[in-house]
Every structure is written in C-alpha cells, then in structure tokens.
Amino acid sequence: MRHWMFSCKEVSQRISESMDSGLPLHQRMIIRIHIMMCKYCYRFRKQLLFLRQLGRYSLSLGEAAGSALILSDEARERIKNSLKAAH
C-alpha cells in the first residue's frame, strides 16, 4: 500500500505542476497538509508564487513600455557581484 503523504520531492514537483494545470482535490489536500507541517515546502511554494507573479508583472511592464526591459551595466554588475558573494 502506498503511503498517503507525499515526500518533499513529490510535493515540490506537484506544486510546480499545479502552476500550469489543476490538481485533483485529494492531491491538493495532501499538499496543503504537508505545507502546514513543512517549512521548506511552504517556503518553496511561496517563492514559486512570487516568481510567477514577478514574471507576469515583468511582461505587463514590457508590454506597457512597448519594448523589452534592458538592465543598465551598473545593475548587471551589482547582480553579478551579489551572485558571486552568495556562493
């Protein structure tokens, strides 16, 4: 018999899938229970929702401006330095 609770790996995969298409009710309930108990999966879902929202916002900004947004050289350098410092 299969265990009724998903692992963190399964939850993260299903959270990602749910962004593109709906999940059955029983899977949504299992994920919701898991997220209430697991701060890492809760954080992953929150970050994924944020990235999705940010992507939509960027698209609407780009459409409103009439062209793609381009970062300044200074902004690119700051991002590059931040990424280096994080590793």
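Tutor: We begin with helices: helices (H or I, at least four residues) and strands (E, at least two) are DSSP runs, numbered from the N terminus. The expected span of a helix is 1.5 Å times one less than its number of residues. Here H1 has 13 residues and reaches 19 Å from its first C-alpha to its last, close to the 18 Å expected at 1.5 Å a residue. This is a predicted model, in which local features need pLDDT of at least 70, side-chain atom pairs count only at pLDDT 80 or more, and totals for chains, interfaces and linings use all residues. Residues are numbered from 1 along each chain as its sequence is written, and side-chain values use heavy atoms, with hydrogens and water left out.

Student: How many helices and strands are there in the protein chain?

Tutor: The protein chain holds 4 helices and 0 strands, in the order α-α-α-α from the N terminus on.

Student: Which residues of H2 are buried?

Tutor: Buried means under 20% relative accessible area, exposed over 50%, and partly exposed in between (1.4 Å probe, protein chains only). The general idea is that an α-helix has 3.6 residues a turn, so residues three or four places apart point the same way. In H2, the buried residues are Gln27, Ile30, Ile31, His34 and Ile35. Seen down the axis of H2, these fall within an arc of 135°, so they line one face of the helix; the arc is that of the directions from the helix axis to the C-beta atoms. On the other side of H2, Leu25, His26, Arg32, Met36 and Met37 are exposed.

Student: What is the count of buried residues in H4?

Tutor: The count is 1 among the 14 residues of H4, which is hardly covered. In H1, by contrast, Glu10, Val11, Arg14, Ile15 and Met19 are buried. Buried residues make up 20% of the 87 residues in the protein chain.

Student: What is the volume of the largest pocket?

Tutor: Rolling a probe the size of a water molecule over the atoms shows where empty space is left. On a 1 Å grid over the protein atoms alone, a pocket is an open set of points where a 1.4 Å probe fits, with protein on both sides within 12 Å along at least five of seven lines; lining residues have an atom within 4 Å of a point. Grid points are joined across faces, edges and corners, and a volume is the space filled by probe spheres set on the points. The largest pocket has a volume of about 290 Å³. Of its 13 lining residues, the closest to its centre are Arg28, Ile31, Arg32, Ile35 and Arg45. H2 gives the most to this lining, with 6 residues.
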